[in-house]
Amino acid sequence: MRKYGFQLIILILIAFVLGSYWYTHRGVVRSVKGIPDPVQKEATGGTQKKIGGYDMDIAFKYSYDVSALVVHDEDYNDGSLNGMLAPKDVALAWGRVAEYNDKIDFNWEQSNRWYYWHVDDISVLGPVGGVDEVSCHSANTHLIPADSSIRDDIMRIKQGDYIRLQGYLVDVDGSKKDGSTFYWYSSTTRDDTGDGACEVMYVEKVEWLD
């Protein structure tokens, strides 16, 4: 009897540890009220990085300042070129989408550098203004760290965080001596959907707002 009781205690402890890990690393479903739309302003200049043998020219299109609720996050430490350039994507929400995130089951997901959401009944979107408003108040954002310290900050971001990111929306053009090329261009509007609608952001500052 004591043996089985000990095994039960061990199983409970394992379940607690796994649950704590999930809570800490994946976060919780929550909402935040009053988050304004991202602010972007035309910018000039840029920077360069050498990634995976490519010379990357990173052109600053707009300065970008976004405060948002992280409704999902996904790491891309797979050794791919875009994974080395931008090791994390975050699905961000603001406005009424962030405010009602804990009341509406959006079923946020990310895969293959895209984000997805769906609801079982479209009528539940009434408080946020419908499908188009969800698209205008959420975005999948590819995060390019400005340096190793910012990379560490980016990798700490998790679902449920309320954060502020500052930096630039960028176009990236890469080339190798053998003639190989690479490009990754940012969306510059919040109302587009589908291929090319993600923000590619060069991040210079990460701040946790609560």
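K177 is exposed, with a relative accessible area of 90%; the term exposed stands for over 50%, buried for under 20%, and partly exposed for values in between, computed with a 1.4 Å probe on protein chains only. The structure is a predicted model, in which local features need pLDDT of at least 70 and side-chain atom pairs count only at pLDDT 80 or more, whereas totals for chains, interfaces and linings use all residues. Residues are numbered from 1 along each chain as its sequence is written, and side-chain values use heavy atoms, with hydrogens and water left out.

- K177 is placed in the loop between β8 (162–175) and β9; strands are DSSP runs of E with at least two residues, helices are runs of H or I with at least four, and both are numbered from the N terminus.
- Between K177 and D55 the C-alpha to C-alpha distance is 9.0 Å, although 122 residues separate the two in sequence.

**Largest pocket**

- The largest pocket has a volume of about 430 Å³.
- On a 1 Å grid over the protein atoms alone, a pocket is an open set of points with protein on both sides within 12 Å along at least five of seven lines, unlike a cavity, where a 1.4 Å probe fits but cannot get out.
- Grid points are joined across faces, edges and corners, and the volume is the space filled by probe spheres set on the points.
- The lining of the largest pocket comprises 25 residues, and W114, Y115, G194, A197 and C198 lie nearest its centre; a lining residue has an atom within 4 Å of a point.
- Two or more lining residues come from each of β6 (114–116), β7 (138–145), β9 (181–185) and β10 (199–208), and β7 gives the most, with 4 residues.
- By class, the lining holds 10 nonpolar, 10 polar and 5 charged residues, where Ala, Val, Leu, Ile, Met, Phe, Trp, Tyr, Cys and Pro count as nonpolar, Asp, Glu, Lys and Arg as charged, and the others, Gly among them, as polar.

**Cysteines**

- The whole structure contains 0 disulfides, a disulfide being a pair of cysteine sulfur atoms within 2.5 Å.
- C198 is buried at 16% relative accessibility, whereas C136 is partly exposed at 24%.

**Aromatic rings and charges**

- Across the whole structure, 10 aromatic pairs are found; rings of Phe, Tyr and Trp (its six-membered ring) pair if their centres lie within 6.5 Å, and planes under 30 degrees apart count as stacked, over 60 as edge-to-face and the rest as tilted.
- The ring centres of F106 and W108 are 5.0 Å apart and their planes meet at 35°, so this pair is tilted.
- Both partners are buried, F106 at 1% relative accessibility and W108 at 11%.
- One aromatic cluster is formed by F106, W108, Y115 and W117.
- The charged end of R113 sits over the ring of Y76, 4.0 Å from its centre, and that of K103 sits over the ring of Y100, 5.6 Å from its centre.
- A charge sits over a ring if NZ of Lys or CZ of Arg is within 6 Å of the ring centre and within 35 degrees of the ring normal.

**Positive phi angles**

- Most residues other than glycine have a negative phi.
- N107, in the loop between α3 (95–99) and β5 (109–111), has a positive phi of about 50° and is partly exposed at 24% relative accessibility.
- N112, in the loop between β5 and β6, has a positive phi of about 55° and is exposed at 62% relative accessibility.
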